[in-house]
Amino acid sequence: MSSVAVVVFPGTNCEHDVVGAYAELGVTARLVHHGESELGAVDAVVIPGGFSYGDYLRPGAIARFAPAMGAVMDAARRGVPILGICNGFQVLCEAGLLPGALQKNAGLSFLCEHVEVEVASVESVLTQKMRAHERLSLPINHFEGNFTADDDTLRRLEESGRVVLRYVANPNGSAHDIAGIADASGRVVGLMPHPERAGGGYGLAEPAGRLLAGLLG
Amino acid sequence: MSAHTWVALVVVEPRPGIADPEGRAITDAARHLELAPGVNVSAGRAFRLELRAVDERDALDQASVLAERLLANPVIQTWRIAELEVVAP
Amino acid sequence: MSAHTWVALVVVEPRPGIADPEGRAITDAARHLELAPGVNVSAGRAFRLELRAVDERDALDQASVLAERLLANPVIQTWRIAELEVVAP
Amino acid sequence: MDEPRHRSLGLTDDEYESIHTLLRREPNDTELAMFSIMWSEHASYKSSRALLGRLPSRGSRVIMGPGENAGVVALTDSVAVAIRMESHNHPSAIEPHQGAATGVGGILRDIFTVGARPIALLDSLWMGPQDDARSRWITDGVVGGISAYGNAVGVPTVGGELRVDACYGANPLVNVVAVGVAPTEALVRARAEGIGNYVVLLGAPTGRDGIGGVSVLASAGFDATAEQKRPSVQVGDPFEEKKLIEACLALMRAGLVTGVQDLGGAGLTCATSETAAAAGVGMDIFLDAVPRREPGMTPMEVLCSESQERMLAIVEPGLLDEVIATCRRFEVTASVIGVVRPPDAEGPYAGEGVLRAFESDGGPLAAVIPARLLAHDGPRYRRPMAPPADLTERRAQVVTLDAPGATLLAEVVNDPIDPAGVWRRYDHMLFRTSLVEPGADAALLRVRTPEVGDTGRAIAITVDGNNRWTRVDPRHGATWLVAEGVANLACVGATPLALVDCLNFGNPEHPTVMWQLAESIDGIAEAARALGVPVVGGNVSLYNEADGIDIDPTPIVSLLGERATPTAPVPAPERAHGSLVVLAPR
Ligand SMILES: Nc1ncnc2c1ncn2[C@@H]1O[C@H](COP(=O)(O)OP(=O)(O)O)[C@@H](O)[C@H]1O
């Protein structure tokens with residue numbers, strides 16, 4: 001049976017949501033304390049949402065120094081699939097595992113709502129079970145989800161099909177309507193929306209479930 | 001050599017060419033209030049560091065290393081040490 | 001009198017005695033990294049204003065009014081104009 | 001001539017006299033300051049205590065009622081739900097963002113103090129007209145503060161209301177409800193049991209925050225001097241609070257603490273005197289052991305500081321190492337600041353549990369006060385009451401379908417603020433428990449936490465006030481608020497379990513205000529009794545006035561209900577743009 005490591009920093013708050021969503025998919029997910037420097041045998045790593053270190057300084061800026069992030073970097077080098085959701089995406093960018101940065105929303109307001117996203121590439125561990133251009137509704141929940149990178153980086157992302165999810169109606173000013181991106185290998189993915197929340201109290205909704213299941217191949 | 005307390009002001013600003021959504025929103029608000037016609041605002045951070053250092057060189061080194069490694073994200077920001085002074089033995 | 005472009009750097013900092021949770025979290029991180037032993041960080045904002053003003057007095061007035069009314073929250077923050085210079089006609 | 005010190009601290013001459021009598025000597029300045037905060041309206045309920053007894057608080061499902069940090073009811077044999085409501089009106093008028101944020105922080109501490117994991121917040125906000133720039137600034141700051149703190153601390157804000165009326169312009173109301181879930185066996189009471197046990201302070205360092213805040217801010221109206229009270233503004237730190245939640249729940253789950261109390265308004269003085277008085281013991285506190293944020297603080301400042309995000313735990317000596325190790329794992333500072341003592345054997349306070357604050361262990365004594373005097377022996381007032389002169393006219397008002405009615409209808413339908421613009425700024429989906437979308441009649445949540453697992457039950461929560469009703473007739477208005485809450489629960493299929501209230505009124509020294517308060521309490525009591533709903537807690541906020549003008553009487557009622565977890569979506573009423581509103585003539 002597959003197992004997922006879910007990294008918890010002080011201030012992380014979506015860890016149980018991720019564990020619960022994977023449980024509904026029949027996958028065991030285990031919490032890993034930020035002070036651990038080993039992840040053990042895992043098939044994938046998720047860095048969940050929340051406010052690691054209060055989002056002080058910049059979201060993800062302090063979390064990237066945690067010992068567990070050293071273990072995440074090692075896992076990334078070994079080709080273990082890594083997914084950063086919301087604050088996890090911010091951590092991966094700050095740690096340099098993904099390019100660019102996430103700035104404050106253009107409207108300068110926190111946003112918690114359902115948005116429509118389109119699958120822009122199926123060449124990533126996250127989107128491999130999706131259909132190209134498939135649209136799905138996902139919750140967002142962030143103040144700093146406005147993806148920014150210099151023009152060269154954006155061009156490189158587009159040319160190599162590393163933009164994996166795009167907003168249908170851009171809620172936060174994100175460059176190129178980007179909701180999620182992958183690294184060059186397609187094995188490290190970050191996205192601002194929260195697939196684990198789709199369906200709320202009634203259980204994981206189908207297209208979002210397929211997205212999360214993709215991480216385990 | 002004995003150490004003294006130094007205070008450094010590290011100013012972190014949006015890298016030119018990088019979108020500055022907060023600066024834009026403040027610019028709009030400032031113009032709306034008609035307090036300063038045609039003003040442009042860019043929004044950054046100011047960190048005041050209190051350090052123990054043996055001399056100016058040492059203080060500058062410590063502040064620079066913190067700015068580079070922690071306080072600024074070089075992908076979207078630049079930093080500089082705007083002020084540096086010794087305050088107490 | 002003709003107007004010139006001035007640039008002002010407004011530094012906004014936590015009022016002394018007011019809690020600065022962000023500064024505390026950054027201090028903990030900085031000490032943890034062992035880059036600057038015993039460092040204390042206080043976290044503030046730096047706003048760069050580009051203004052059209054006829055002279056230094058006018059530029060200072062505009063920047064002050066923006067700082068007081070818009071950029072700082074005087075209940076918990078102090079502000080000062082750390083830099084002011086004319087950059088272009 | 002200078003006014004006597006006790007008056008500048010907000011104590012009356014009579015109150016000073018009774019302190020002198022109870023203490024059997026003159027209090028020193030530090031002790032006087034401690035009395036002033038504990039005997040303030042906000043902490044002692046001196047104007048309302050006599051009336052609150054009229055509320056029915058018992059029920060077969062009630063585990064903790066009024067008097068505890070939170071009301072607690074049994075959901076199942078092994079799972080309990082905690083609920084609490086608080087106001088943070090005056091701090092929000094002075095600094096809307098931080099005032100509202102620290103209000104959220106304070107009420108969450110009440111929930112995890114009893115051992116429950118906070119799972120939801122609701123807010124009831126009453127603001128001035130939104131065409132006024134200052135009222136807009138307050139509204140935006142308050143919503144921003146709740147958003148910033150609630151989201152970052154990781155507790156979803158699942159419901160609430162935002163109402164506008166001119167009477168709240170200078171004195172907005174910010175009421176917050178918090179709900180938590182605990183395994184029944186993990187519930188903890190705020191008692192300092194066990195002679196020789198350590199008193200341990202957890203969380204943020206202590207600064208000069210809100211010195212005199214409770215008495216100054218919540219126990220007096222607003223006038224021109226309000227501006228000068230600014231230095232007491234506190235800044236919230238949701239990150240520290242999140243760490244405290246996890247650390248405290250871990251300590252309680254592992255049975256490492258004997259008692260726990262949050263430090264709210266009145267700070268260390270309140271937490272130490274209340275826990276000692278509850279257990280009938282004494283306590284020695286060593287002030288130099290309290291971690292400080294600022295140098296040069298006086299004993300009085302340390303004892304009265306309202307610095308946020310702090311908790312007090314009572315710990316057996318043998319468990320101290322484990323407590324400290326657990327706190328370290330969550331990056332929470334834990335410091336032993338004192339020890340539980342037996343009641344005095346001799347001397348002037350023989351037989352009493354006495355709070356002794358030493359500047360250091362073996363150092364000079366800063367304060368010596370029997371804990372009970374601070375916590376329980378505050379003054380009780382039966383203030384004069386009188387109905388308003390125009391009561392008959394108010395009650396005679398009838399809404400008709402002709403011109404004035406149409407205006408009223410337009411006013412009711414034309415909400416000045418789009419509620420979606422508010423709840424979009426709140427994380428309302430965290431924990432994947434929400435069973436209805438925001439905007440429904442009540443929030444409905446699946447009860448599932450890491451501690452209790454999935455209970456198969458859902459809880460519903462509402463919060464309602466209506467100043468139009470309670471202004472005309474506080475008694476019937478309050479009755480209707482309870483009825484409306486119960487009806488709202490029914491709309492999502494839930495039956496009532498308990499209610500909490502927040503009583504926002506003007507200056508209790510005005511007889512009409514005392515009358516409004518008494519009538520509202522009677523109205524709530526009557527409805528609660530008739531519907532069989534116990535009142536398990538609440539809060540009273542008085543002195544909501546500006547320049548001598550009282551706000552409308554504004555009791556707010558929050559209902560907690562239960563039902564089996566639905567498996568299919570609960571139907572939502574359609575209130576789309578263009579819907580017809582029908583006003584039926586009698
Ligand atoms: N309006 C009310 N209705 C019912 N109980 C109330 C009301 N107001 C206060 N109480 C109860 O009185 C107790 C003391 O409240 P309070 O002093 O505000 O607690 P704290 O010090 O934690 O803020 C609480 O248990 C509270 O539930």
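This is a predicted model: local features need pLDDT of at least 70, side-chain atom pairs count only at pLDDT 80 or more; totals for chains, interfaces and linings use all residues.
Gly67(D) belongs to a shell of 18 residues around the ligand. Tyr45(D), Glu68(D), Asp501(D) and Gly538(D) join Gly67(D) as the closest members of that shell.

Two side chains also deserve attention here. Arg84(D) places a polar side-chain atom 3.0 Å from an oxygen atom of the ligand. For Asp110(D), an N or O atom of the side chain is found 3.5 Å from a ligand oxygen atom. As for exposure, the ligand taken alone exposes 550 Å², and the protein buries 88% of that area.

Which elements of chain D each supply at least two residues of the shell? They are the helix α5 (49–52) and the strands β3 (79–87), β16 (495–504) and β17 (535–541). Of the contributors, β17(D) gives the most, namely five residues.

Let us now turn to chains B and C. Helix α1 of chain B, residues 21–33, packs with helix α2 of chain C, residues 56–71. Their axes are 11 Å apart, and the packing angle is about 110 degrees. Angles of 65 to 115 degrees count as roughly perpendicular, and therefore α1(B) is roughly perpendicular to α2(C). Finally, the crossing in which α1(B) passes α2(C) is right-handed.

Thank you for your attention.

Definitions and conventions. Residues are numbered from 1 along each chain as its sequence is written. Chains are lettered from A and ligands numbered from 1 in the order in which they are written. Side-chain values use heavy atoms; hydrogens and water are left out. A residue is near a molecule or strand if one of its heavy atoms lies within 4 Å of it. A polar contact is a pair of N or O atoms within 3.5 Å; within protein, one must be able to donate a hydrogen and the other to accept it, and residues adjacent in sequence count only if both atoms are side-chain atoms. Accessible areas come from the Shrake-Rupley method with a 1.4 Å probe; for residues, only the protein chains shown count as cover. Helices (H or I, at least four residues) and strands (E, at least two) are DSSP runs, numbered from the N terminus. Axes are lines fitted to C-alpha atoms, for helices over the stretch in contact, and angles run from 0 to 180 degrees between N-to-C directions. Angles under 35 degrees count as roughly parallel, over 145 as roughly antiparallel, 65 to 115 as roughly perpendicular and the rest as oblique. A crossing is left-handed if the near helix is turned anticlockwise from the far one by less than a right angle, and right-handed if clockwise.
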